[in-house]
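Reader: Can you walk me through this one? I'd like the overall layout, then some local detail.

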Amino acid sequence: MNIILAGMPGSGKSVVSILLAAKLGFKAVDTDAVIEESHGKISKIFADYGEGYFRKLESEVIEKLASIDNTVIATGGGSLINPKNCTALRASGKIIYLKTEVNELTKRLKGDLSRPLLFGDMQANLKNLYDRRAKIFEAAADYAVQTDGLTPDEIAEKIVELLK
């Protein structure tokens with residue numbers, strides 16, 4: 001069984017995945033990191049080939065990761081938009097939605113220029129993404145963990161308690 005972390009950019013998926021994996025004795029894998037290892041920076045992929053191409057790469061990575069076990073998978077913020085990804089991830093384990101409000105996301109991501117969908121007015125772009133994605137995360141998740149005001153370790157601990 002895998003644990004899949006889903007949520008908005010800045011919700012803590014990447015950091016929490018490492019901490020949670022250590023607590024559970026699992027491996028941690030970040031879908032964005034896997035894509036960057038073989039294809040370069042995500043912002044460059046978006047600039048050169050567009051979001052559609054990136055989403056195709058993302059789906060390929062998710063399909064491969066869903067076939068392994070005992071892994072905490074940190075998904076990209078838009079991974080669950082594709083129903084095929086939701087199905088593959090759900091079949092491989094439990095999906096945990098790291099629910100984080102827009103104001104908190106804005107604080108966490110201040111100065112981060114690596115996220116192409118947030119270029120420009122970050123708070124407005126986050127709000128737009130949140131409005132489109134929150135229902136998808138809620139529907140896909142086995143559990144939701146409110147992350148506002150919590151450290152990554154506290155979030156990981158909450159998840160461990162949920163899984164007991």
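Reader: How many helices and strands does the protein chain have?

Author: Eight helices and five strands. Helices (H or I, at least four residues) and strands (E, at least two) are DSSP runs, numbered from the N terminus. Along the sequence the pattern reads β-α-β-α-α-α-β-α-β-α-α-β-α.

Reader: What is the model, and what are the ground rules?

Author: The model is predicted; local features need pLDDT of at least 70, side-chain atom pairs count only at pLDDT 80 or more, and totals for chains, interfaces and linings use all residues. Residues are numbered from 1 along each chain as its sequence is written, and side-chain values use heavy atoms, with hydrogens and water left out.

Reader: What is the radius of gyration of the protein chain?

Author: 15 Å, close to the 15 Å that the globule rule gives for 164 residues, so the chain is as compact as a globular protein of that length. The radius is taken over C-alpha atoms, and the rule is 2.2 Å times the number of residues to the power 0.38. The C-alpha box is roughly 40 × 35 × 25 Å along the principal axes.

Reader: What share of the residues count as buried?

Author: 45% of the 164. Buried means under 20% relative accessible area, exposed over 50%, partly exposed in between (1.4 Å probe, protein chains only).

Reader: OK, cores. Which residues have the most contacts inside the largest one?

Author: Met8, Leu80, Leu89 and Ile95, in a nonpolar core of 29 residues. Such a core is a set of buried Ala, Val, Leu, Ile, Met, Phe, Trp, Tyr and Cys residues joined through side-chain atoms within 4.5 Å.

Reader: Which element supplies the largest share of this core?

Author: Helix 7, with six residues.

Reader: And what is Leu80 in contact with?

Author: Beyond its neighbours within four places in sequence, Ala6, Cys86, Leu89, Ile95, Ile136, Phe137 and Ala140. Contact means heavy atoms within 4.5 Å. Another core, of 13 residues, lies apart from the largest one, with Leu20, Val72, Val145 and Ile155 among its members.

Reader: Switch to helix 1. Which residues are buried there?

Author: Lys13, Val16, Ser17, Leu20 and Ala21. Seen down the axis, the buried residues of helix 1 fall within an arc of 135°, so they line one face. The arc is that of the directions from the helix axis to the C-beta atoms. Ile18 and Ala22 are exposed on the other side.

Reader: What covers the buried residues of helix 1?

Author: The cover includes strand 1, strand 2 (27-30), strand 3, strand 4 and helix 8 (152-163). Just after helix 1, Gly25 takes a positive phi of about 75°.

Reader: Which residue other than glycine has a positive phi?

Author: Asn70 is one, with phi near 55°. Most residues other than glycine have a negative phi. Asn70 sits in the loop between helix 4 and strand 3 (71-74), and is partly exposed at 41% relative accessibility.

Reader: Last one, Asn85. Buried or exposed?

Author: Buried, at a relative accessible area of 2%. Asn85 is in helix 5 (residues 83-92).

Reader: What does the Asn85 side chain pair with in a polar contact?

Author: The side chain of Ser59, at 3.0 Å. A polar contact is a pair of N or O atoms within 3.5 Å; within protein, one must be able to donate a hydrogen and the other to accept it, and residues adjacent in sequence count only if both atoms are side-chain atoms. Ser59 is in helix 4 and is buried at 9% relative accessibility.
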